[in-house]
Amino acid sequence: MFENLKPQPADKILALVQMYREDPRDQKIDLGVGVYKNADGVTPVMRAVKAAEKRILEEQESKAYTGLAGDPAYADAMIGLILGTSVPRGNIAAVATPGGTGACRQAFELIRMANPSARVFVSNPTWPNHLSILNYLGMEMVPYRYFDGETRGVDFDGMMEDLKAAKAGDVVLLHGCCHNPTGANLNMVQWQEVVNLINERGLVAMIDIAYQGFGDGLEADAQAARLVASSVKECLIAASCSKNFGIYRERTGLLMAISDDAAQTALNQATLAFLNRQNYSFPPDHGARVVTTILNDDALRADWATELEDVRLSMLGLRQQLSDELQRLSGSDRFGFIAQHRGMFSRLGAAPELVEKLRDVHGIYMVGDSRLNIAGLNATTVPILAKAIVDVGV
Ligand code: LMR
């Protein structure tokens, strides 16, 4: 049997992690995988996470199974964080999942189950694993224009034109904030236009929100998800706690299925629980418990929000520094978009050969589509990167 196996395509982001590890050069800089690093290059355990873990260690009496949906208190806390009070709780079905990837996978499976002929409209570009999972599940996807290679902003006219090709029942996958990989985002007026189009055409909205708190702040980053969830008939939201709680390896995510008809919620909830059972039974609990402990304790929540805000501001500072340095070295303001982008990533818009040159000649690792992880930089490496970008002729 095993001899029938065929090599699968390597994940572009994870392959880069391996290449970076194997590079013996001391001066190498890792701007690949989306992991936050502080100025010392460390991905720290957040203070509130440490405190919550201590509390759990002392107080937890049992590790018996939770429910198939995970601990309901986790879903409640996360729904509050993402949606506030924008949608009545009775309209929301939710399950804990292994990370945001698990949430996306379950969402896609639910779509396939409910409407096998649904096509999923994906931004061009999007997180490569969206495409990989959809492809693996045999689902049809249709790219819509998103990134404007000239301005490095959103090609909103192109996006709307392409979305007009969607038919009733098709799904539109949107990044709730901090678009990955481009860093270019819609404004709220544009979000409203997308919502109008979704409603006019009878489309289903799916939001992937993995970087809440990394863009314009915890509340601001949730505005689009709140607008969509409270305005459309049906919506799926896949959320991740990996980045904003810094608990990457704990695999902590949430999938919500929201209907404007509360009578639908029980069936949605049972279906999500069924999907969990088929794929892994009970979702992981430790990260979810840490998140619940933090969100439900005023002092821990405030400390977490402060630390996250510091991270956000430091990334904004790095964006500004890089943009200024590039302006100084290139004598042009064509890199101003880096300061305008939001979240962990910016897409430089450089050709693959230049990305390769940055890696081979300068030891600077970014994903082949020229996505760079701003959080992989610090005040010392920004000028090195800026010089290399200008040297290779981006
Ligand atoms: C990324 O885009 O780098 C992150 O979401 C990590 C991953 O799993 O790809």
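The buried residues of helix α8 pack against α3 (72–83), α7 (188–201), β6 (204–209), β7 (234–240) and β8 (253–259), where packing, or contact, means C-beta atoms, placed from the backbone, within 7 Å of each other. Helices (H or I, at least four residues) and strands (E, at least two) are DSSP runs, numbered from the N terminus. What you are looking at is a predicted model: local features need pLDDT of at least 70, side-chain atom pairs count only at pLDDT 80 or more, and totals for chains, interfaces and linings use all residues. Residues are numbered from 1 along each chain as its sequence is written.

Let us stay with α8 for a moment. This helix spans residues 223–231, and A224, A225, V228 and A229 are its buried residues. Buried here means that 20 or more other C-beta atoms lie within 10 Å of the residue's own; with 12 or fewer a residue is exposed, and in between it is partly exposed. Seen down the axis of α8, the buried residues fall within an arc of 120°, so they line one face of the helix. The arc is taken over the directions from the helix axis to the C-beta atoms.

Now step back to the whole chain. The protein chain is divided into domain 1 (11–46 + 301–392) and domain 2 (65–296), with bounds that come from an automatic or database domain assignment. The C-alpha centres of the two domains lie 26 Å apart. Their contact takes 28 residues from domain 1 and 31 residues from domain 2. On the side of domain 1 that touches domain 2, α1 (12–22), α11 (298–330) and β9 (345–347) each supply at least two residues. Helix α11 gives the most to that side, with six residues. By type, the residues on this side of domain 1 divide into 14 nonpolar, six polar and eight charged. In this count Ala, Val, Leu, Ile, Met, Phe, Trp, Tyr, Cys and Pro are nonpolar, Asp, Glu, Lys and Arg are charged, and the others, Gly among them, are polar.

Both domains also take part in the ligand shell, which draws at least three residues from each of domain 1 and domain 2. Around the ligand you will find I13, V33, G34, W127, N129 and N180, a residue being near the ligand if its C-beta atom, placed from the backbone, lies within 6 Å of it. The shell divides into three nonpolar, three polar and no charged residues.

N180 brings us to some backbone details. The peptide bond from N180 to P181 is cis, with omega near 20°, and P181 is found in the loop between β5 (171–175) and α7. C178 has its place in the loop between β5 and α7 too, and has a positive phi of about 50° although it is not a glycine. C178 is buried, with 25 other C-beta atoms within 10 Å.

S281, in the loop between α9 (265–279) and α10 (286–295), has a positive phi of about 60° although it is not a glycine. With 9 C-beta neighbours inside 10 Å, S281 counts as exposed.

Definitions and conventions. Contact = placed C-beta atoms within 7 Å.
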